[in-house]
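The structure is shown first, and the points follow by topic.

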Amino acid sequence: MAIVLGGNRYGKAETRVVRVTRDGDVHRIKDVNVSVLLSGDMEAAHLTGDNAAVLPTDTQKNTVFAFAKRYGVGEIETFGLRLARHFADALPPVAHARVEVEEYAWSRVTGRHSFVRDGTEVRTALVHSDGTGGRETVVSGVTGLALLNSTGSEFRGFAEDEFTTLEPADDRILATAVTATWRHRRAGADWDDSYRAVREHLLRGFAETYSMSLQQTLYAMGRRVLRERREVCEVRMSMPNRHHVLVDLRPFGMDNDNEVYHAADRPYGLIEGTVLDDDAPGAPDAWN
């Protein structure tokens, strides 16, 4: 029996960077979390402890800070591509670079330099590069996109067995926190414009669908994005069903006509799915 080294990669995870751009006394901020993973001809580091092909993770961290200073952050897809290309070109043994960026949004409160953090929503980007002239892929996304319909949703006609106690509902709250990622046909787009448009179509797909199930709503959201944004070829979503349970107020002599609910945080249903064009190119490394 032979023992061999399988696939491997290494890098610096979760480098937090806050970049302040000062235009006179008017400030703008970018708050991001950057993770880097490199792979290639690095077997010697594992097999013999030879680190000649290893770019220290501390160097990777410093590069993230230096690039934030030299180029600014800007669109996180562009920032991620710039870093990935740099790392893939930095040393011959590095064949592939993976850079993941999360952006935490801040809005101006008043004046020129006061900000407030925007909710729980986080914009994401995942890019892969094989180096200049090589294959590159970009996946954009969002996490923590909290949505709720106070009506326009039902759930009935489901399978039942001996352990089923759930009653059919013809008017229920539908609430979720969407994690969505969407891959682009090519590594070139107006990233900010595309992100804003995809996000808006996700919101409208949720709001404008009379829901018979969260699965149906997920599909309607993804289908709308693909129909309206041709730069996107596939959408993946994970959507917890944040159950809102109607409270029984009869012990207190009160009716409850879909007015008072208990928001249960766990356990919860979890719906995941993929919606894609039938002409979508093969899934890239960034999708895995």
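Axes here are lines fitted to C-alpha atoms, for helices over the stretch in contact, and angles run from 0 to 180 degrees between N-to-C directions. The model is a predicted one. With that convention, the axes of helix 2 (residues 57-71) and helix 3 (residues 76-90) come within 11 Å and cross at roughly 130 degrees.

**Helix 2 and helix 3**

- Two packed helices are described by the angle between their axes and the distance between the axes.
- Angles over 145 degrees count as roughly antiparallel and those from 65 to 115 as roughly perpendicular, with the range between them counted as oblique. Helix 2 and helix 3 are therefore oblique to each other.
- The crossing of helix 2 and helix 3 is right-handed.
- On the helix 2 side, the contact is made by Q60, T63, V64, F67, A68 and Y71. These meet F79, R82, L83, H86 and F87 of helix 3.
- Sorted by class, the contact of helix 2 with helix 3 has 7 nonpolar, 3 polar and 1 charged residues.

- An open sheet is formed by 8 strands, in the order 1-2-3-4-5-6-7-10, and the pairing is antiparallel.
- Strand 1 (15-23) and strand 10 (269-276) are the edge strands, each pairing on one side only.
- From one strand to the next, the twist averages 20 degrees.
- Strand 2 (residues 26-40) pairs with strand 3 (residues 94-108) in the antiparallel sense over 10 bridges. Within this pairing, N33 has E102 in strand 3 as its bridge partner.

**Strand 6 and its neighbours**

- Strand 6 (residues 174-184) is mostly covered, with 9 of its 11 residues buried.
- Strand 5 (residues 136-149) runs antiparallel to strand 6 and is joined to it by 9 bridges. In strand 6, T176 stands opposite L147.
- Strand 7 (residues 232-241) is also antiparallel to strand 6, and 6 bridges join the two. Here A180 stands opposite M237 in strand 7.

- Helix 4 (residues 191-207) lies across strand 4 (115-129), strand 5, strand 6 and strand 7. The direction of helix 4 runs at about 35 degrees to strand 5.

Notes
Residues are numbered from 1 along each chain as its sequence is written. This is a predicted model: local features need pLDDT of at least 70, side-chain atom pairs count only at pLDDT 80 or more; totals for chains, interfaces and linings use all residues. Side-chain values use heavy atoms; hydrogens and water are left out. Buried means under 20% relative accessible area, exposed over 50%, partly exposed in between (1.4 Å probe, protein chains only). Helices (H or I, at least four residues) and strands (E, at least two) are DSSP runs, numbered from the N terminus. Two strands pair if DSSP finds at least two bridges between them. Angles under 35 degrees count as roughly parallel, over 145 as roughly antiparallel, 65 to 115 as roughly perpendicular and the rest as oblique. A crossing is left-handed if the near helix is turned anticlockwise from the far one by less than a right angle, and right-handed if clockwise. Contact means heavy atoms within 4.5 Å. Ala, Val, Leu, Ile, Met, Phe, Trp, Tyr, Cys and Pro count as nonpolar, Asp, Glu, Lys and Arg as charged, and the others, Gly among them, as polar.
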